Amino acid sequence: MFLSVFDLFKIGIGPSSSHTMGPMTAASRFLEEIANGDWPRPAGVKVDRIAVSLHGSLAYTGIGHGTDRAVILGLTGETPQTVDPDKTDAAIAGIAAARRISPPGHPDYRFDPEKDLVLDRKTPLLGHANGMAFCAYDSSDRLLLKRIYYSIGGGFVVSEEELQRLKAKGPEKPGKAVPHPFRNAVEMLAMAKASGLSIAEMKRANEEVHMPGEKLDEGLDAIWQAMLGCIERGLSQDGIMPGGLKVRRRARALHDKLNEDWRTNRPNPLLANDWLSIYAMAVNEENAAGGRVVTAPTNGAAGTLPAVLRYWLHFHPEADQASIRDFLLTAAAIGGIIKTNASISGAEVGCQGEVGSASAMAAAGLCAVMGGTPEQVENAAEIALEHHLGMTCDPVGGLVQVPCIERNALGAVKAVTAASLAIKGDGTHFVPLDAAIETMRQTGLDMSEKYKETSLGGLAVNVVEC
């Protein structure tokens with residue numbers, strides 16, 4: 001199945017692509033189903049009440065990830081791309097007081113968040129750890145329509161039927177044939193060798209089957225501007241992040257200190273790592289505060305790739321707009337392979353699927369713009385992913401703050417190191433990228449649910465003792 005660069009890089013809001021953006025999208029899809037009316041119901045009977053239940057990881061960490069708020073906003077017609085983060089508190093308070101929702105194009109529906117939005121920790125939905133059930137009732141509270149959706153990572157949402165087709169390896173829907181339809185790294189390298197094209201050039205050719213080149217470039221530029229804007233906002237803010245842990249933003253103060261050190265002209269062998277870390281932390285602090293971010297490939301891992309790209313612009317004078325586009329296209333090619341053959345969902349495979357995937361994507365992108373061959377790019381991605389294998393997702397308090405913010409910083413550092421190691425070689429290496437991806441998938445299957453975004457194990461329960 002073709003995955004566009006814009007499937008992997010989606011502009012939305014924090015703190016989580018799977019727990020915030022996905023549920024908001026699912027709520028919007030349910031409203032569309034109600035409005036379409038393409039479902040059996042008695043003549044003259046109308047939907048009067050809507051209720052939602054959250055299951056699995058969404059139930060365990062939904063409050064800390066803003067899932068409840070996302071569902072409410074989605075039921076008002078908001079989408080991750082259009083919602084104004086500054087207006088969400090007032091909108092949610094208004095619905096809680098009125099106990100009704102009024103989505104555009106719909107009549108008013110009864111919806112009391114205290115009763116009609118349930119975190120069901122006892123009844124897992126078998127398709128995926130991030131399951132949601134949406135129900136529509138008539139005025140007598142008779143069930144008219146029930147739909148189950150799964151948020152499968154990176155803001156992607158599928159219905160129960162769509163998930164079964166994905167698991168059967170069948171396409172979600174017929175699509176246009178692309179010139180370089182690689183599904184794994186072996187095919188990618190073979191097609192690059194046969195065509196004489198770079199990974200970015202192959203990815204561009206695939207994208208241009210679906211859109212003109214000018215539109216593609218406009219979209220890529222918009223993605224980078226959104227990433228850069230998130231870095232800049234994160235570097236300008238301070239104070240305590242929401243959620244109750246009382247974790248203080250650090251990126252702004254660290255940025256100011258780095259600028260002071262920069263002006264002294266004193267040698268600092270760790271300077272590049274410091275800038276990398278601060279860029280990543282700025283993004284993830286903004287994400288934790290519910291700000292505007294770009295999935296890369298998820299919100300929880302949103303800081304790693306922008307930090308590496310900003311590092312490229314900061315430390316490499318040859319960096320230009322064309323290289324930014326090639327970076328994003330290369331990263332998306334690697335991200336698509338990982339998502340197709342394993343997962344980018346923390347609730348499914350742990351943080352190896354989030355920050356690990358982000359680091360691999362960033363390493364590939366950086367290696368490519370530094371002049372790496374396709375073989376060197378594949379090597380860079382493998383090095384970065386291999387050294388995140390087994391990483392658990394254990395957010396303290398169910399919030400995307402500890403250890404997530406610093407974890408993105410270290411993912412960025414690993415990505416730059418991986419790209420540097422790979423480009424100094426000839427692309428020959430022992431562990432293929434496809435083997436690392438398959439290992440990540442198998443490790444995720446074996447990983448205890450305690451360590452897959454449920455906050456039932458790891459740092460989430462041990463941090464107080466430590």
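Trp-275 and Tyr-279 sit four residues apart in helix 12, about one turn of the helix (helices are DSSP runs of H or I with at least four residues, strands are E runs of at least two, and both are numbered from the N terminus). This is a predicted model, so local features need pLDDT of at least 70 and side-chain atom pairs count only at pLDDT 80 or more, while totals for chains, interfaces and linings use all residues. Residues are numbered from 1 along each chain as its sequence is written, and side-chain values use heavy atoms, with hydrogens and water left out.

**Aromatic pairs**

- The structure holds five aromatic pairs (ring centres of Phe, Tyr or Trp, the latter by its six-membered ring, within 6.5 Å; planes under 30 degrees apart are stacked, over 60 edge-to-face, the rest tilted).
- Trp-275 is buried at 3% relative accessibility, while Trp-262 is partly exposed at 40% (buried is under 20% relative accessible area, exposed over 50%, partly exposed in between, with a 1.4 Å probe and protein chains only).
- The rings of Trp-275 and Tyr-279 are 5.7 Å apart at their centres with planes at 35°, so this pair is tilted.
- Tyr-279 is buried too, at 2% relative accessibility.
- Elsewhere, ring pairs join Phe-30, Phe-134 and Tyr-149 into a cluster.

**Salt bridges**

- There are 22 salt bridges in the structure (a side-chain nitrogen of Lys or Arg within 4 Å of a carboxyl oxygen of Asp or Glu).
- Glu-33 and Arg-147 form one of them, with their closest N and O atoms 2.8 Å apart.
- Glu-33 is in helix 2 (residues 17–36) and Arg-147 in strand 7 (residues 143–151), so the bridge ties together parts 114 residues apart in sequence.
- Arg-250 and Glu-406 also bridge, at 2.7 Å from N to O.
- Here the loop between helix 10 (213–236) and helix 11 is linked to helix 18 (residues 404–423), with the partners 156 residues apart.

**Nonpolar core**

- The largest nonpolar core has 94 residues, and those touching the most other members are Phe-9, Met-188, Met-227, Leu-305, Val-308, Leu-328 and Leu-366 (a core is a set of buried Ala, Val, Leu, Ile, Met, Phe, Trp, Tyr and Cys residues joined through side-chain atoms within 4.5 Å).
- Apart from that core lies another of 33 residues, including Leu-58 and Val-83.
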